[in-house]
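Subject: Structure handover

Hello,

Here is the structure I promised to pass on. Please open it first, then read my notes below.

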Amino acid sequence: MFVLPSYHEGMPRTVLEAMAMGRPILTTDVPGCRETVMNGENGWLVEKANFEQLAERMIWFIENQDQWKVMGQKSYSIANEKFDVHKVNAEILKIMGISNEKTF
């Protein structure tokens, strides 16, 4: 699993990399981080600065190791569906009104 107890982030590249490697995620419910986790599906979100919630979820992961693979596979799927660089770039070009098709 991957743990990032952040106080504030942009889109955390470390979380995206962990997801692409098929890891379950434990991070804080702050902008950027919250967009990477579907609570209970590919990991857990905890309140910012709440070390008790963080510890409880870390213990949950230790006690539920059978869920690592399932949650990790969901992380991998989310990374591919939502954060694939080609999809993100295409969306940016679309928003900017720039064609990403090559013309010769």
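Strand 1 (residues 2-4) and strand 2 run parallel and pair over 3 bridges. Keep in mind that this is a predicted model.

**The sheet**

Start with the pairing of strand 1 and strand 2. V3 has L26 of strand 2 as its bridge partner. Between the two strands the chain passes through helix 1 (residues 13-20), and this β-α-β crossover is right-handed.

Now go to the other pairing of strand 2. Strand 2 and strand 3 are joined by 4 bridges and run parallel. Look for I25 here: G43 in strand 3 stands opposite this residue.

What is the order of the strands in the sheet? The order is 1-2-3, in an open sheet of 3 strands with parallel pairing. Strand 1 and strand 3 are the edge strands, each pairing on one side only. From one strand to the next, the twist averages 10 degrees.

Side chains next. In a regular strand they alternate between the two faces of the sheet. Strand 2 shows two such directions: I25 and T27 point one way, L26 and T28 the other. Are these four residues buried or exposed? All are buried.

**Salt bridges**

Side chains of opposite charge can pair when their charged atoms come close. How many salt bridges are there? The count comes to 2.

One joins the side chains of D29 and R34, at 2.7 Å from N to O. D29 is partly exposed, with 37% relative accessible area. R34 is partly exposed too, at 35%.

The side chains of K74 and E41 also meet in a salt bridge, at 3.8 Å from N to O. K74 lies in helix 3 (residues 66-82), while E41 is in the loop between strand 2 (25-28) and strand 3 (43-46). The pair therefore ties together parts that are 33 residues apart in sequence. K74 counts as partly exposed, with a relative accessibility of 29%. E41 is partly exposed as well, at 38%.

Most residues other than glycine have a negative phi. Check A49 against that. A49 is not a glycine, yet its phi is positive, about 65 degrees. Where does A49 sit? A49 is in the loop between strand 3 and helix 2 (51-63). Its relative accessible area is 48%, so A49 is partly exposed: the cut-off for exposed is over 50%.

**A nonpolar patch**

Last, look at the surface. Which residues form the nonpolar patch there? They are V88, I92, M96 and I98. Together they have about 340 Å² of accessible area. V88 lies in helix 4 (residues 85-96). At 32% relative accessibility, V88 is partly exposed.

**Where to look first**

- L26 in strand 2, the bridge partner of V3.
- K74 and E41, whose side chains meet in a salt bridge.
- A49, with its positive phi.
- The surface patch that includes V88.

Best wishes

How values were computed: Residues are numbered from 1 along each chain as its sequence is written. This is a predicted model: local features need pLDDT of at least 70, side-chain atom pairs count only at pLDDT 80 or more; totals for chains, interfaces and linings use all residues. Side-chain values use heavy atoms; hydrogens and water are left out. A salt bridge is a side-chain nitrogen of Lys or Arg within 4 Å of a carboxyl oxygen of Asp or Glu. Buried means under 20% relative accessible area, exposed over 50%, partly exposed in between (1.4 Å probe, protein chains only). Two strands pair if DSSP finds at least two bridges between them. A crossover is right-handed if, with the strands pointing away from the viewer, the path from the first strand over the helix to the second runs clockwise. Patches are made of residues with over 30% relative accessible area and no salt bridge: like charges are joined within 9 Å, nonpolar side chains (Val, Leu, Ile, Met, Phe, Trp, Tyr) within 5 Å. Accessible areas come from the Shrake-Rupley method with a 1.4 Å probe; for residues, only the protein chains shown count as cover. Axes are lines fitted to C-alpha atoms, for helices over the stretch in contact, and angles run from 0 to 180 degrees between N-to-C directions.
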